[in-house]
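Me: Please take a close look at the salt bridges in this model and explain them to me in plain words. I would also like to hear about the surroundings.

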Amino acid sequence: MLKEKVEKLAEKVFEENNSLFLISLEVNSANHIKIVLDGDEGVSVNDCIMVSRAIEHNLDREEEDFSLEVTSAGVSEPLLMPRQFKKNLGRRLKVKTQDDKFEGDLLSADDKEIKLSWKAREPKPVGKGKVTVQKEAVLPYADIVEAKVKITF
């Protein structure tokens, strides 16, 4: 019951602030509510405060006691939604599928798949030595087991 109320309140908040979107919403047996959000231009502390207030001020603690935690998707968290991939265009990703692992620059992302590009050293077709070649892979979201942004310093 509490989860349904929170989901409706969260839907309203994200409709009013369409640059933000919900990654996950959990309510455990002790009524601890955890909301993870992301945004097309990132998430500020003020965004988390706004979402927290919009939900907390519309729930009655006299009716049901609860705790509320609103956080942004961390940089080390996997990308889960097409919208997250789209906001990370041009960044380097590490992607695992059932059969393979890829690390490359995110060239494109739509609602069905992503396209990665990277350079690889391969043996020359004729003679000894290696040559650098440009590789690309198109990966449907259904094939992706995990995808993370690779942080470089």
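Reply: A salt bridge is a side-chain nitrogen of Lys or Arg within 4 Å of a carboxyl oxygen of Asp or Glu. The model shown here is a predicted one, and 12 salt bridges are found in it. Side chains of opposite charge can pair when their charged atoms come close.

Start with Asp-105 and Arg-92, whose side chains form a salt bridge with an N to O distance of 3.0 Å. Asp-105 belongs to strand E5 (residues 101-109) and Arg-92 to strand E4 (residues 92-97), so this pair links distant parts of the chain, 13 residues apart. Partly exposed is the class between the two limits, under 20% for buried and over 50% for exposed. Asp-105 falls there because its relative accessibility is 31%. Arg-92 is also partly exposed, as its relative accessible area is 28%.

A salt bridge also joins the side chains of Lys-150 and Glu-103, at 3.1 Å from N to O. Glu-103 is in strand E5, while Lys-150 lies in the segment after strand E8 (144-149), so the bridge ties together parts of the chain that are 47 residues apart in sequence. Lys-150 is partly exposed at a relative accessible area of 32%, and Glu-103 is partly exposed at 29% relative accessibility.

Next come Glu-136 and Lys-115, a salt bridge in which the closest N and O atoms are 3.7 Å apart. This pair links distant parts of the chain as well: Glu-136 is in strand E7 (residues 130-140) and Lys-115 in strand E6 (residues 113-123), 21 residues apart. With a relative accessible area of 29%, Lys-115 counts as partly exposed.

Which residues do shared partners join into one network? They are Arg-92, Glu-103, Asp-105 and Lys-150, connected by salt bridges that share partners.

Now for the surroundings, beginning with the aromatic rings. A pair of aromatic rings is described by the distance of the centres and the angle of the planes. The whole structure has 2 aromatic pairs. One of them is formed by Phe-85 and Tyr-141, with 5.2 Å from centre to centre and 55 degrees between the planes, which makes the pair tilted. Phe-85 sits in helix H3 (residues 82-87) and Tyr-141 in the loop between E7 and E8, and the two are 56 residues apart. Phe-85 is buried, at a relative accessible area of 2%. Tyr-141 is buried too, because its 18% is under the 20% limit.

The largest pocket holds about 200 Å³ of space. Its lining is made up of 15 residues, and those nearest the centre of the pocket are Asp-38, Ala-73, Gly-74, Val-75 and Lys-87. Sorted by class, the lining has 6 nonpolar, 5 polar and 4 charged residues. The pocket lies between domain 1 (2-72) and domain 2 (79-149), because both domains give residues to its lining.

The last stop is Ala-30, in the loop between strand E1 (20-27) and strand E2 (32-39). Ala-30 is exposed, with a relative accessible area of 60%. The C-alpha atoms of Ala-30 and Phe-66 are separated by 7.4 Å, although these residues are 36 residues apart along the chain.

Definitions and conventions: Residues are numbered from 1 along each chain as its sequence is written. This is a predicted model: local features need pLDDT of at least 70, side-chain atom pairs count only at pLDDT 80 or more; totals for chains, interfaces and linings use all residues. Side-chain values use heavy atoms; hydrogens and water are left out. Helices (H or I, at least four residues) and strands (E, at least two) are DSSP runs, numbered from the N terminus. Buried means under 20% relative accessible area, exposed over 50%, partly exposed in between (1.4 Å probe, protein chains only). On a 1 Å grid over the protein atoms alone, a cavity is a set of points where a 1.4 Å probe fits but cannot get out, and a pocket is an open set with protein on both sides within 12 Å along at least five of seven lines; lining residues have an atom within 4 Å of a point. Grid points are joined across faces, edges and corners, and a volume is the space filled by probe spheres set on the points. Ala, Val, Leu, Ile, Met, Phe, Trp, Tyr, Cys and Pro count as nonpolar, Asp, Glu, Lys and Arg as charged, and the others, Gly among them, as polar. Domain bounds come from an automatic or database domain assignment. Rings of Phe, Tyr and Trp (its six-membered ring) pair if their centres lie within 6.5 Å; planes under 30 degrees apart count as stacked, over 60 as edge-to-face and the rest as tilted.
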